Amino acid sequence: MYYKVSALALFTLAACDIAYEPQTLPLTSRVTEVEQTEFKLNVKPLTREEIALANARQWHRQAIVPNRQAAEGTSLRQEASARAENLPPVTSPPVYRLGVGDELSLEIKKQVVDRDGVPRATSQVLQLPVKEDGTIFSAQIGSIEVRARTLNAVRDLIGRELARSSGRDAQALTELTPPPTGAPPVYRIGAGDVLAITRVLPQVSDDGNVNDVPNTRPLVVASNGSVRPLGAGDVDVGGLTTGEAIEEISAELLRNGLNPDIELSIQANNSKPLRLIGDLPTTIEDRLIPIAEAPVRLVDVVSRLGLQTPPGRDYLIEIRREGERYGVLLKNLLGPERRAPIYLHPDDTIRIQAQESAPDFAVNIVGFNSQSVSVTSVAGNGASVELPVTSQPLELADAINAANIAVDSETDVMARIIRNGQEYRVSVRRSLIDQPSRKVFLQSGDRIVFEPIVFEKQTVMITGAGTAPQLIEIAQIARPTLSDAVFSSRALADAESDLKQVFVLRPDENVANQFDAYYLDLSNPTRLALADDLQLRPNDIIFISDQPVSQFTRVVGRINNALRSGLGLAQSAEAVQTLVQ
């Protein structure tokens, strides 16, 4: 009976359109005899200690990077290598330097005095473009080279030119020595001087009486330095003081039998007068001031000139004497502070130079047109823009915003900074998320290229009883666990799954062809907490074993299906019962 039933089943299966005919590849026996790679398993019961060690395993990701030498044009690289940085050496904001095409705004403020003596503020604004030769020009400051100079350096140059044009020469004052003070100089007679000589001479009055009457007559010093008193010969007085001249003239009078008692004074200093030059009032016609025998103070001479010093105006008074130069400002000379008198010497030259205060001014850059940074992106929206370089420091974050680059904790974009033939690499994610306080400053002429880092898809495999092998994609930020994987796949819901034998196979990082097999018995529901704590890593394999009778059940089920399709439900059931018996 067993044979008949078997034959009947055989013929029935042969006639059935779902009968299985094995398909094979036309391989030689030698090919099929090649050994497969053998892997060793290191079975570890899943405990809290093993979970802590397993979770400490590094999460490795592979980045897909361009590689021109590879046939497919790309290659895989570890995430740390793909995101390795080479930061630019500049850690402080660069100082802006002017270039051709930039534009400056210069505001000049002055204090002017009206005719009624009231000071009034005026302002003038000039727009100064940087010309092709690198200069700016205006009538007030002339031509100034500004290319490659900072704004502060240009400001100093403009201030110097405004001071020079206003007559204020601070450097000239520093080069002059303060005038000496002390005793007045002793005057010595020279050619051209006019001496006044007073002698007592007898004179007959109208009533016939003879009286001694003082008589004063001028004596002009000849070119050879001599004078000739009345009734006497020539007397050399050149280079003598008045006292010394009195002695010489008295001696000559005595030799001629005349009264030697005389008085002598200098009536006119024509040999060594003071000379006034420079910015003098138009009312001053006589620019030669004779020095009499009395000492002449500088303050007296200046006071007679009537010079005014309203706010914003002063005079530099320079004294030139025997090859030396001395200087003092009029406001200091006339100020309330007591000073020792400054005496003038014969033959001094006094130069008066008007000193207008250097006007207040403000200079700013209003047009940044000479420099830029090029930004190109193969990430984001593929933008390509030019960012102008201004006096405000330009940072990499500005270029990131301009290119609309967005990253999160799972993605990254590398910024290539090409500068002066050198290339630097900066991670956008580190700049925006990991280290937002870090500043990367850009310079004029930089070229920025943003390249996204594409990571290889990461998965774990779940296979075994009750489920077809499937790949589950995982992400580092989510840190999925064993429970996430098995419950999302519903692998444990199948009746064929053996809850006592759940394995997580993880490649050993230190030993080739070896897996750590973490073993978990989930027949006890309390152990689900362990499954919820074990974090998965890329390339993990989750394997769930069959129940002991699962293979027999599947075979019987297939035979039953085949018999039902060929003989009908009742006949196939009877045939199966016969086979079992």
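## Ala 531 and its surroundings

In this predicted model, Ala 531, which belongs to helix 13, is in contact with Thr 481, Leu 482, Ser 483, Leu 520 and Leu 522, once its neighbours within four places in sequence are left aside. Ala 531 has a relative accessibility of 1% and therefore counts as buried. Between Ala 531 and Leu 520, which stand 11 residues apart along the chain, the C-alpha separation is 8.0 Å.

## The buried side of helix 12

Helix 12 spans residues 482–489, and its buried residues are Leu 482, Ser 483, Ala 485, Val 486 and Ser 489. Around the axis these residues cover an arc of only 165°, so they are on the same side of helix 12. The elements that cover the buried residues of helix 12 include helix 13 (528–533), together with strand 24 (459–464), strand 25 (470–473), strand 26, strand 27 and strand 28 (541–546). Two buried residues of helix 12, Leu 482 and Ser 483, are also among the contacts of Ala 531.

## Aromatic pairs and a charge over a ring

Across the whole structure, a search finds 3 aromatic pairs. One of them joins Tyr 96 and Phe 368, whose ring centres are 5.1 Å apart and whose planes meet at 80°, so the pair is edge-to-face. Tyr 96 sits in the loop between helix 4 (79–82) and strand 4 (103–113), while Phe 368 sits in the loop between strand 18 (360–367) and strand 19 (372–377), so this pair ties together parts that are 272 residues apart in sequence. Tyr 96 itself counts as buried, because its relative accessibility is 8%.

Phe 503 and Tyr 519 form a tilted pair, with 5.4 Å from centre to centre and 35° between the planes. Phe 503 lies in strand 26 (residues 497–507) and Tyr 519 in strand 27 (residues 514–520), so the parts tied together here are 16 residues apart in sequence. Phe 503 is buried at a relative accessible area of 16%, whereas Tyr 519, at 28%, is partly exposed. Elsewhere, Arg 61 lies over the face of Phe 455, at 3.7 Å from the ring centre.

## Salt bridges at Asp 516

A search of the whole structure finds 27 salt bridges. Asp 516 takes part in one with Lys 44, where the closest N and O atoms are 3.6 Å apart. Lys 44 is in strand 1 (residues 40–45) and Asp 516 in strand 27, so the pair ties together parts that are 472 residues apart in sequence. With a relative accessible area of 4%, Asp 516 is buried.

Asp 516 also forms a salt bridge with Arg 57, with the closest N and O atoms 3.5 Å apart. This pair links distant parts of the chain, 459 residues apart, since Arg 57 lies in the loop between helix 3 (48–55) and strand 2 (62–66) and Asp 516 in strand 27. Both Arg 57 and Asp 516 are buried.

Glu 79 is in helix 4 and Arg 61 in the loop between helix 3 and strand 2, so the pair ties together parts that are 18 residues apart in sequence. Glu 79 and Arg 61 are both buried. Through salt bridges that share partners, Arg 61 and Glu 79 are joined with Arg 83, Asp 412, Arg 429 and Asp 434 into one network.

Methods: Residues are numbered from 1 along each chain as its sequence is written. This is a predicted model: local features need pLDDT of at least 70, side-chain atom pairs count only at pLDDT 80 or more; totals for chains, interfaces and linings use all residues. Side-chain values use heavy atoms; hydrogens and water are left out. Rings of Phe, Tyr and Trp (its six-membered ring) pair if their centres lie within 6.5 Å; planes under 30 degrees apart count as stacked, over 60 as edge-to-face and the rest as tilted. Helices (H or I, at least four residues) and strands (E, at least two) are DSSP runs, numbered from the N terminus. Buried means under 20% relative accessible area, exposed over 50%, partly exposed in between (1.4 Å probe, protein chains only). A charge sits over a ring if NZ of Lys or CZ of Arg is within 6 Å of the ring centre and within 35 degrees of the ring normal. The arc is that of the directions from the helix axis to the C-beta atoms. Contact means heavy atoms within 4.5 Å. A salt bridge is a side-chain nitrogen of Lys or Arg within 4 Å of a carboxyl oxygen of Asp or Glu.
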